[in-house]
Structure formats: structure tokens, C-alpha cells
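Subject: Structure handover and findings

Hello,

The sequence and structure are below for your files. My notes on helix packing, salt bridges and one surface patch follow.

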Amino acid sequence: MKKCCDMKGFLSFTVLRLIRDGHGTGEEIRQELKKRKGSKPSPGTIYPVLKMLHKNCWIEEKKAKGKERRYKTTQKGKKEIENATKKFIALFFDMEEEFEKWKR
């Protein structure tokens, strides 16, 4: 089974965290990423990630109005966020110190 945060990229990790924090639709996720990153990812970028997260039982989806779907993290998804966050911190906790060294 694929891990959410396999360090090939952080999009699945970020999307899972955004869903946990209440950004429940693909469009809300795209808007939040635009706010944070300065550019809005295409649906062709976000929806495959949502499909993978759903396939791994980390999110559940429910139909909302029209074709819109709302996503919510599952207990398994919350555990994956916890594990991925621990891995992220273990790998990058000292990056601020390293960055300061590079600036000199």
C-alpha cells in the first residue's frame, strides 16, 4: 500500500491535511493551495490525488450539491497524517539551521 507522504512530493500529504482542516471540496482545496502557493493547481492535478487518498481509505467522499463532492478524513487518514507528520519533522526539523548556514 502506498504511503501518503512518500517524499516524492508533498501534494498528497498537503491535500490530506487540508481536508482534515475543513477544506472539503476539490475547489476549496485548489483555492487554499492558490492562497498558500500563489498558483491554483488544475483539476487534473488535484483529482487524481483525491482518488488515491480515497482508494487508500484515508478520506471518504459524499455527494453534495450537483456533481460536487465533499471529502472528510477517516480515522485511518488521521493516523496517516500523524505518521507522515512525524516523518516530515524527523527529516526536516533542522532545515532552518541549515538554511542559515547556506546564507552565509
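The buried residues of α4 pack against α1 and β2, where contact means heavy atoms within 4.5 Å. Buried stands for under 20% relative accessible area, exposed for over 50%, and partly exposed for in between (1.4 Å probe, protein chains only). Helices (H or I, at least four residues) and strands (E, at least two) are DSSP runs, numbered from the N terminus.

This is a predicted model, in which local features need pLDDT of at least 70 and side-chain atom pairs count only at pLDDT 80 or more, while totals for chains, interfaces and linings use all residues. Residues are numbered from 1 along each chain as its sequence is written, and side-chain values use heavy atoms, with hydrogens and water left out.

Helix α4

The buried residues here are Gly77, Glu80, Ile81, Ala84 and Thr85. They sit on the same side of α4, because the arc they cover around the axis is only 135°; the arc is that of the directions from the helix axis to the C-beta atoms. Gln75 and Ala90 are exposed and lie on the face turned away from the buried side of α4. The 18 residues of α4 should span 26 Å at 1.5 Å a residue, and the end C-alpha atoms are 26 Å apart, which agrees. The expected span is 1.5 Å times one less than the number of residues in the helix.

Helix α1

How many of the 10 residues of helix α1 are buried? The count is 7, so α1 (residues 11–20) is largely enclosed by the rest of the structure. The buried ones are Ser12, Phe13, Thr14, Val15, Leu16, Leu18 and Ile19. They pack against α2, α3 (43–55), β1 (59–63), β2 (69–73) and α4. After α1 comes glycine 22, with a positive phi near 105°.

Salt bridges

A search of the whole structure gives 9 salt bridges, each being a side-chain nitrogen of Lys or Arg within 4 Å of a carboxyl oxygen of Asp or Glu.

An α-helix has 3.6 residues a turn, so residues three or four places apart point the same way. Glutamate 82 is partly exposed at 36% relative accessibility, and lysine 79 is partly exposed at 44%.

In helix α2 (residues 26–37), arginine 30 and glutamate 27 are 3 residues apart, about one helical turn. Their side chains form a salt bridge of 2.7 Å, N to O. Arginine 30 is buried, with a relative accessible area of 12%, whereas glutamate 27 is partly exposed at 31%. Lys40 joins Glu27 and Arg30 in a network of salt bridges.

Surface patch

Which residues form a nonpolar patch on the surface? They are Phe88, Ile89, Leu91, Phe92 and Phe93, with about 480 Å² of accessible area together. Patches are made of residues with over 30% relative accessible area and no salt bridge, with like charges joined within 9 Å and nonpolar side chains (Val, Leu, Ile, Met, Phe, Trp, Tyr) within 5 Å. Areas come from the Shrake-Rupley method with a 1.4 Å probe, and for residues only the protein chains shown count as cover. Isoleucine 89 lies in α4 (residues 75–92) and is partly exposed, at 48% relative accessible area.

Regards
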